[in-house]
Every structure is written in structure tokens, then in C-alpha cells.
Amino acid sequence: MAMVERYPVLTFFTHVMLIIGVFIFAFPIYIVFVASSVPLAEIMRAPMPIIPGTQILQNYSTAIMTGVADVGASSGRMLMNSIIMALGVSGGKIVISMFAAFAFVFFRFPFRQVFFWAIFITLMLPVQVRILPTYEVVANLGMLDSYAGLILPIIPSATATFLFRQYFMSIPKELPDSAKVDGATPMRFFWSILVPISKTTFAALFVILFIFGWNQYLWPLLVTTKEQYYTLLIGINRMLAVGDQQAEWQIIMASTILAMLPPIFVVMSMRSLFIQGMTEQEK
Amino acid sequence: MADNRAIFSNKFLPYVLVFPQIAIVGVFFLWPGFQAVLLSVFREDAFGTRRVFVGMENFVRLFANESYLNSMRVTFFFSISVMVIVISLGLFFAVLADRAIRGSNFYTTMIIWPYAVAPAVSGVMWMFLFNPTIGVISHFLDLAGFNWNHALNPTHGFIIVTLAASWKQIAYNFLFFLAGLQNIPPSLIESAAIDGAKPRTRFWRILFPLLSPTTFFLVIMNVMYSFFLTFGIIHQVTQGGPGQATNILVYKVYRDGFVNLNLGASSAQSVVLMAIVIGLTFIQFHFFERKVHY
């Protein structure tokens, strides 16, 4: 919004407050970063330094290659698990939602509404309200400690299905009509027209869903007991559970930074798409 | 879907297309959801061999259970606290960023990125800053003569999880408020200014009322957030303690079900949570007249 008239004092205040705001949001992460760059002894000597130290390479390579001894998996390994899970969840959600939305918008078939409502109901059944029985199902299917067990139970997405449906419905009727006239099969229309023109919707959804997948905590906590399937967020929790021993804060803080990088990278590199995708949820 | 647009005709293809999602919904959502409701009216006998139908008994016991009632109170105060902080600060920074012509993009970027930080990570971060022996913030509190210990003091425990939960969620509120503000036509503000309305008046008389759909949407999303998505913070930072000061409903379901292995009670709690989500979803769709018209 263009400022309507000048209030120099107000403008000054605006910037001062915004800078304070930026500081509030950046400060905790800065401290975590500093802690990940110094030897443990310097963290223990309260107050810890506020300028980054020289052990960055050492701490991060220890975290990535070996991690904390008691956890049994390196942060590098767990970082990879987190990436697999986030990509699996976001990719899976996008693919199955797009197929379903394609069916809902371009076909008429018996039980269409029943299927639509079945997907709608998932909004009301977040994993947190059905943890025990879902855990049982996954255990019975032998999917504990597997990527399938981590990913499959959380990929249905009413939100993604609605967004694709919404987008498909805004496509001019002439497009599928002319495709039909040209003798294109439905799947041909889907792959050569629908998918290419939906790219922006894809990308905007991807950012949000990647973060959704990355932030999962309760579900991986339940289905992973073997450390080679821990996600990084679970791994950090295990690193902190040292009982009477000294927590290796410098490694934990390096792992914490590693756990922030991929989602921050995704949000920052696709900033405008992210904002678009987010605000579309409200509509 | 009311319109009759160009339709492909194929008897099998649409079923093949919806199958993946419907199959997963059936196996991992509907069936477990049904099981949760079913288990909530049964109780296992002392040997864990037989399930006995007990009707509403699990619910009656639940609402007579002081620890559950406490959990409800904690959840209530927790979501109110988070709500007040994230709505007011989110709106405050959005108004400022909207006003700042110079650097607006920079500020926006610097304020939205905590959204990308996982709740569990936010928890670890604040836990480190407030660590009673090595934390930077607790160190300065100590210098000021204030003895911080969120592992022992229930109030401190409540404050730290509220802080960790809010810090991350302000970004979300900021984003929606900023988008809302940018959708308000500048001519509206200009004409009010010409009529002599000062910035403060313009905010309360024009901007704030026009933002009310956004505010309402955010109220619902924030409730969902503090009820369900803050599990990671609680699990990392306080494990529901000290005492039961941060034992929010979703954490209690987890603990009763997985740690204490009390299936009946845990399922009854799941059903209560389910009712809450259904209520919130209903309100959201009802008031927004979402595009789900059937």
C-alpha cells in the first residue's frame, strides 16, 4: 500500500519495530549456529560466546559422518531419511490428488460423490486422533521401520485434491473439448495438456507439502524403532535423551541447523510460489 | 462440481484414477478411525484377553478423571496464549511491513522463514536458549536475579512451550494478514485519509474490519495448530511436565496409549479429539462457504 500521507515519526517507528521483529526471529537461530561452531567446552562455560568459532567444519562433519554415539545413526543418514520422507509425502500427495481431481472433474461415474466425501473426511482424521489404530494397521501390514510405513499413512490429501479440482474447474471447457475432437484419449489429455498447464499449482503445493512432510514428528516417532529409519527430528530427540551423561550440544546444534536447512531452502528458493500456495488455502 | 463440463466417458478409468487415494484413505484413515470409535466403547478385561462392551463408561470415566480435566484446561490456556501472541504480533508486523515501502520485501522474507522451521526444532532451539545451566537467555535471567528452570517450575514449563509454539506460528499469521492487507484497495484508505482519518482510526475502522475473514480463518488454523501440531514441541521440551503443566490433550493420548498402554481410555480420548476436529472443520467450511458445495 502506498502511504497516503507522510508521518515521518510513524515511518521511523515502523522500521525500528520491523528491525526488532527481524532480530527476534533471527536471534535464536543465530545462537544455535554459534553453538554449532564451537567446541563443547565453550558452550558449557556459560555464557557461551556470541561470535561463531572455528570448529564449524569439525562439528558438522562429525554430525554428518558419525553423529552422537548413543543414537546409532549419523545425522547424515537421518537427514537423508527426512528428505526421503518429505519428498515421498509431498510427491505422493501431489500424484494421487491430481489423479483423483482429474477423475472428479472430467468424468461422471457411480459413487463419485461417495469417493469425494471419503477424501473430504480425511480432513477430520489427522494422524493425531487415530494414532493407536493406525499404528496397529501399519504393524499388521509389516510396515513398521520402513519408508512405506513412514509415508503411505499420511499421503491422502483433501487439501491438495480440492486445490487441483479447483484449478481444473477453472480451465476453459474448450480445452478438453478440442482434445476430444482431436481424438486424444483422456490420459493423453492428462499428460500432454493438464500436467503442463498445472505446473504453477504443482510448485506452490510442493513447497507447502514438503514442509508438511518434513515437520512430521509424531508419526515417525511411533513407526521407527530401528535407528536407520529415524528422521533427523527424531534423531535430535534421541541425542538429547542422554540421562546423566553430558549431551553433546555442539553436535546436537549442528544437527539442528541441518534440520532447518532443507525446508528453509525450499521456502526461500520458491518464495513467491510459497506465498501464493499458502494464501490459496484460505480461499 | 455442479456444472456439466466436457466429460470423458470411460467405464473403468475414473475408478483407476481415484483408486490409489481411496485405497489409502480406506486402510489408513477410515478403518483406524472406525476402530478408534469402536474401541472407545470397549474395555479389556484384567488379562487383556477379552474385550467387554462398556458403552459410554470410558467417556464417563474420562470426564471424571482429574488428570484429563487438567489436560483440557492446559490445552485451553495453551491455545489461548498462543492465539493471542500470534494473532497480535502477526497482524502488527503485517501492518508494519505493509507500511514500509522501502525494504518491505526484505522484512517479509526475514519474518516468514521461521514458518519453515519444524515445531520440534523450534522446541530444541528454545530449550537450548533457556537451558538452566548453559542457556544464553537463562544466563541473563539469572544475572537479573531470576532463577529459570522449566524442568522444575510448572509456570516456566508452560511459558517455554508457549514461546516455542508462538515463535514459529507468527510467520503463518503474518503471511495471511499481509496478503489480506494487500488485497484492500488503496483508494479506500486514500479517501478515508482525505476525510481526515488518522492512521490509527483507519486501522480500527477500515483495515481491521476488512481483515475479519482472514482473522477468523487464522483463529481456526491456530486452534488446529496448538491442539495438534505442537506435539513435537511438548515431546522435546517438557514431556507434558513439570507435573502436568504442559500435558496437552494430544500428548496425553500418546502417553496413555503408547506409554501406559491403556487402550480404552486412549481411544475415548481420540474420539473426543475427533469431535473437536470435526467441529472446527464444520465451522471453517460453514462460515467460509468453501467451494465444496455438494
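Me: Let's begin with chain A. How many helices and strands are there in chain A?
Reply: Chain A has 15 helices and zero strands. Remember that the model is predicted.

Me: And is chain A spread out or a compact globule?
Reply: The idea is to set the radius of gyration beside what the globule rule gives for that chain length. For the 283 residues of chain A the rule gives 19 Å, but the radius is 24 Å, well over that, so chain A is more spread out than a compact globule. Its C-alpha atoms fill a box of roughly 75 × 65 × 35 Å along the principal axes.

Me: What share of chain A is buried?
Reply: A residue counts as buried when its relative accessible area is under 20%. In chain A, 56% of the 283 residues are buried. The chain exposes about 11,500 Å², and carbon and sulfur atoms supply 68% of that.

Me: Can you show me a residue that isn't buried? Where is Ala26(A), for instance?
Reply: Ala26(A) sits in helix H1 of chain A, residues 8-35. Its relative accessibility is 23%, so Ala26(A) counts as partly exposed. Another one to look up is Ala139(A), in helix H6 (residues 131-140) of chain A. Ala139(A) has 31% relative accessibility and therefore counts as partly exposed.

Me: What about chain B? How many helices and strands does chain B have?
Reply: You'll find 13 helices and two strands in chain B. With 294 residues, the globule rule gives 19 Å; the radius of gyration is 24 Å, well over that, so chain B is more spread out than a compact globule. The C-alpha trace of chain B spans about 75 × 75 × 30 Å along its principal axes, and 58% of the residues of chain B count as buried.

Me: How do I read the charges? How far apart are the centres of the positive and negative sets in chain B?
Reply: Take the centre of each set and look at the separation. In chain B, 18 positive and 11 negative side chains have centres 4 Å apart. In chain A, the mean positions of the 16 positive and 13 negative charges are 11 Å apart.

Me: Now the aromatic rings. What describes a pair of them?
Reply: A pair is described by how far apart the ring centres are and by the angle of the planes. Over all chains, the count here comes to 52 aromatic pairs. Take Phe107(A) and Phe8(B): their ring centres are 5.9 Å apart and their planes are at 40 degrees, so this pair is tilted. The pair crosses between chains: Phe107(A) is in the loop between helix H4 (75-106) and helix H5 (112-121) of chain A, while Phe8(B) is in the segment before helix H1 (13-39) of chain B. Both Phe107(A) and Phe8(B) are buried.

Me: Which kind of pair do Phe210(A) and Trp214(A) make?
Reply: Planes under 30 degrees apart count as stacked. The planes of Phe210(A) and Trp214(A) are at 20 degrees, with ring centres 6.0 Å apart, so the pair is stacked. These residues are four apart in helix H11 (residues 199-215) of chain A, which means about one helical turn separates Phe210(A) from Trp214(A). Both Phe210(A) and Trp214(A) are buried.

Notes: Residues numbered from 1 in each chain as written. Chains lettered and ligands numbered in written order. Predicted model: local features only at pLDDT ≥ 70, side-chain atom pairs only at ≥ 80, totals over all residues. Heavy atoms only, no water. Buried < 20%, exposed > 50% of the residue type's maximum accessible area, 1.4 Å probe, protein only. Rg over C-alpha atoms; globule rule 2.2 N^0.38 Å. Lys, Arg positive; Asp, Glu negative; His and termini not counted. Charge placed at Lys NZ, Arg CZ, Asp CG, Glu CD. Phe/Tyr/Trp six-rings, centres within 6.5 Å; stacked < 30°, edge-to-face > 60°. Areas by Shrake-Rupley, 256 points an atom, 1.4 Å probe, with all protein chains shown as cover.
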